[in-house]
Amino acid sequence: MYDRKNLERLGQLDSGAPQGMDAFWAFDKAAFAEGAIDAKTKQLIALAVAMTTQCPYCLELHTQAARDAGASDAELSETAVVAAAIRAGGAITHATHMFDK
């Protein structure tokens with residue numbers, strides 16, 4: 001269902017909504033720039049979010065970016081476990097809504 005070739009169509013968004021897309025790309029670049037948090041950690045955060053949102057494009061792109069920033073298999077694995085814990089925790093805490101007060 002998801003095909004990496006779809007990303008080639010981002011240009012259509014760029015041309016169809018240039019002001020908004022220019023702002024998005026500038027924001028994206030700023031968000032991932034080195035700052036108080038290093039580039040590798042930012043990519044690991046992005047991966048954890050991508051796992052919770054289950055975006056296959058983000059998973060692929062940020063996995064590569066994390067590896068390029070020096071992330072090891074162990075760091076990627078721990079990131080996946082943290083993401084899984086957050087999703088599981090959300091299910092557990094939302095389950096409290098099933099019970100009367």
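Biologist: Start with E60. Is E60 buried, partly exposed or exposed?

Modeller: Partly exposed, at 42% relative accessibility. Keep in mind that this is a predicted model.

Biologist: Which residue does E60 form a salt bridge with?

Modeller: R4. The closest N and O atoms are 2.3 Å apart. R4 sits in the segment before helix 1 and E60 in helix 4, so the pair ties together parts 56 residues apart in sequence. R4 is partly exposed, at 43%.

Biologist: How many salt bridges does a search of the whole structure find?

Modeller: It finds 3. Another one joins K40 and E75, at 2.8 Å from N to O.

Biologist: Which helices do K40 and E75 lie in?

Modeller: K40 lies in helix 3, and E75 in helix 5, residues 73-95. They are 35 residues apart in sequence, so that pair also ties parts together. K40 is partly exposed at 21%, and E75 is partly exposed at 26%.

Biologist: What does D73 meet in a salt bridge?

Modeller: The side chain of R67, at 2.7 Å from N to O. D73 has a relative accessible area of 49%. For R67 the value is 40%. Under 20% would be buried and over 50% exposed, so D73 and R67 are both partly exposed.

Biologist: Change of topic. Which residues form a nonpolar patch on the surface?

Modeller: I37, I45 and V49, with about 240 Å² of accessible area together.

Biologist: And where does V49 lie?

Modeller: In helix 3, residues 39-53. V49 is partly exposed, with a relative accessible area of 45%.

Note on methods:
Residues numbered from 1 in each chain as written. Predicted model: local features only at pLDDT ≥ 70, side-chain atom pairs only at ≥ 80, totals over all residues. Heavy atoms only, no water. Patch = residues over 30% accessible without salt bridge, like charges linked within 9 Å, V, L, I, M, F, W, Y side chains within 5 Å. Areas by Shrake-Rupley, 256 points an atom, 1.4 Å probe, with all protein chains shown as cover. Salt bridge = Lys/Arg side-chain N within 4 Å of Asp/Glu carboxyl O. Helix = DSSP H or I, 4+ residues; strand = E, 2+ residues; numbered from the N terminus. Buried < 20%, exposed > 50% of the residue type's maximum accessible area, 1.4 Å probe, protein only.
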